[in-house]
Amino acid sequence: MGDRKTQVVICGGGAGGLEVARRLGARYGRRAHDIILIDRSPTHVWKPLLHEVATGSLDANLDEVGYRHHGFRWGYRYFLGSLSGIDRAAREVILAPLRDEDGRELVAEHRIRYDWLLLAVGSVTNDFGIPGVREHCLFLDDREQADRFRNRLLNHCLRVSRRLVTGLATDDEVRVTIVGGGATGVELAAELFNAAAGLRHYGLEVFDESRLRVTLVEAGDRILPALPEKLAAAAHAELEALGVRVLTSTRVVRAEPGAIVTAAGERIAGDLQVWAAGVRGPDLLAGIGGLETTPLNQLVVTGTLQTTRDPRIFAIGDCAFLRPAGSDRAVPPRAQAAHQMADTCFRNLVAAMEGRPLRPFRYRDRGSLVSLSRYSTVGSLMGNLVGGRMAVEGRLARLMYLSLYRMHLLAIHGWLKGAALILLGHVNQVVRPRLKLH
Ligand SMILES: Cc1cc2nc3c(=O)[nH]c(=O)nc-3n(C[C@H](O)[C@H](O)[C@H](O)COP(=O)(O)OP(=O)(O)OC[C@H]3O[C@@H](n4cnc5c(N)ncnc54)[C@H](O)[C@@H]3O)c2cc1C
């Protein structure tokens, strides 16, 4: 071994992984240990912003973080690549061949050695195997998909606007069906109205929110099951006031080109159909490297966030499954959980490398906040802290919702740059266009 550096490999630079990479890089990078971040994308966009990217309310080019530059600044090395396997005997991760846009191979399949490995590759939308969903619905799993949604939305808006201007139609509209009444579906529905209201200022002179028909379909008997009933009812009423058709207790059995079909036989036609009905781990995780995984492809971890069959491999965020001792519920797939796990995981990786005992992860449910764009924000705070829930609405809830992203900025950029970016965000709200239209 000689003076070979200890190598820590982090797969996935999202809400959880990027925080760990920054903190390990700042502590050890370029000196004692080699910290390596692998992500299949060259830039990071905080996932909870994707519905705003999808509607054009947010320009991801302004908010994305380039891993190469971030790694140089914080002392970790970044590799573009997609994890495809783990060789635990050799302690190597296997990266899939890297191809260009035309499918030509740029870099052959290769391996990277690790002494300690962190898996933080997030989740994908769960289609529950329902026929047609993969083929005929859009998802909001990454930046590319959000961009695709926005381009299609704008094309439909443009088509309707031109038909109205030229007199080819008088009652044309853009129909969007969203399946899933959780936070993602609800936030997207409200954000669509905000975006549509802005379009008339940007050249689509006859298009506005009255031309939008949004249907939100939920299988459960109410939307936002993570929130107390009173708040979910307030959000439901707010959505209906905007013009959203909210269907609860409605199960989708099939998706077709241009429509989804419900168990009751209703065919809901849509120009755009978005599937946002829950998440699961990516397929590649199923039994990866012989590690224990759940039927939903999540890696089962112990209280210290190490995988059950290999203490050298940690997992955090949406791709990890942890049911804390004494709890009947698993840690939910949320940004706040990824952030909290990143903190414990960083400390535990440091402790493991320095031969100290590891500490157990304790999830603190800070509650949930759901933004109905500029129209309203609802949420509940301090879930398990006060033994009940404290309802918040309006400006206070909005401020708290925004603070989640600010905390993420501080966590990945440090105090100085993080604060500067928060300030810049305020300036951008004034100087940049309200919508991204390309
Ligand atoms: C529209 C939307 C709104 C949301 N709103 C909220 C909210 O308001 N509050 C909240 O708490 N949570 C929210 N969430 C959930 C939250 O985004 C996730 O729980 C959180 O991002 C999980 O963090 P993570 O680090 O596990 O994964 P991610 O942040 O998804 O990061 C995973 C990373 O892994 C990379 N990756 C994936 N596969 C591979 C591979 N094979 N090889 C290499 N790299 C790979 C990805 O490129 C990505 O960078 C929202 C999610 C969505 C989609």
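Predicted model: local features only at pLDDT ≥ 70, side-chain atom pairs only at ≥ 80, totals over all residues.
In the domain assignment, the chain is divided into domain 1, made up of residues 6-46, 64-123 and 281-353, and domain 2, made up of residues 133-279 and 391-431. The C-alpha centres of domain 1 and domain 2 are separated by 30 Å, and the contact that joins them draws 17 residues from domain 1 and 13 residues from domain 2.

The size of an interface is often expressed as the accessible area that is lost when the parts come together. For domain 1 and domain 2 the buried area is about 1300 Å², with carbon and sulfur atoms giving 63% of this value. On the side of domain 1, a share of 34% of the area buried against domain 2 is supplied by R22, W46 and S123, which is more than any other three residues provide.

Polar interactions also cross the boundary, where four residue pairs in polar contact are counted between domain 1 and domain 2, both residues being at pLDDT 80 or more. One salt bridge is found across the interface of domain 1 and domain 2. A salt bridge is formed by the side chains of R143 and E64, with a distance of 2.6 Å from N to O.

As for the side of domain 1 that touches domain 2, the helices α1 (17-28) and α4 (67-74) each contribute at least two of its residues. By residue class, this side of domain 1 comprises eight nonpolar, five polar and four charged residues.

Definitions and conventions:
Residues numbered from 1 in each chain as written. Heavy atoms only, no water. Domains from an automatic or database assignment. Contact = heavy atoms within 4.5 Å. Buried area = accessible area lost by both parts, 1.4 Å probe. Salt bridge = Lys/Arg side-chain N within 4 Å of Asp/Glu carboxyl O. Polar contact = N/O pair within 3.5 Å; in protein donor to acceptor, adjacent residues only side chain to side chain. Helix = DSSP H or I, 4+ residues; strand = E, 2+ residues; numbered from the N terminus. Nonpolar A, V, L, I, M, F, W, Y, C, P; charged D, E, K, R; others polar.
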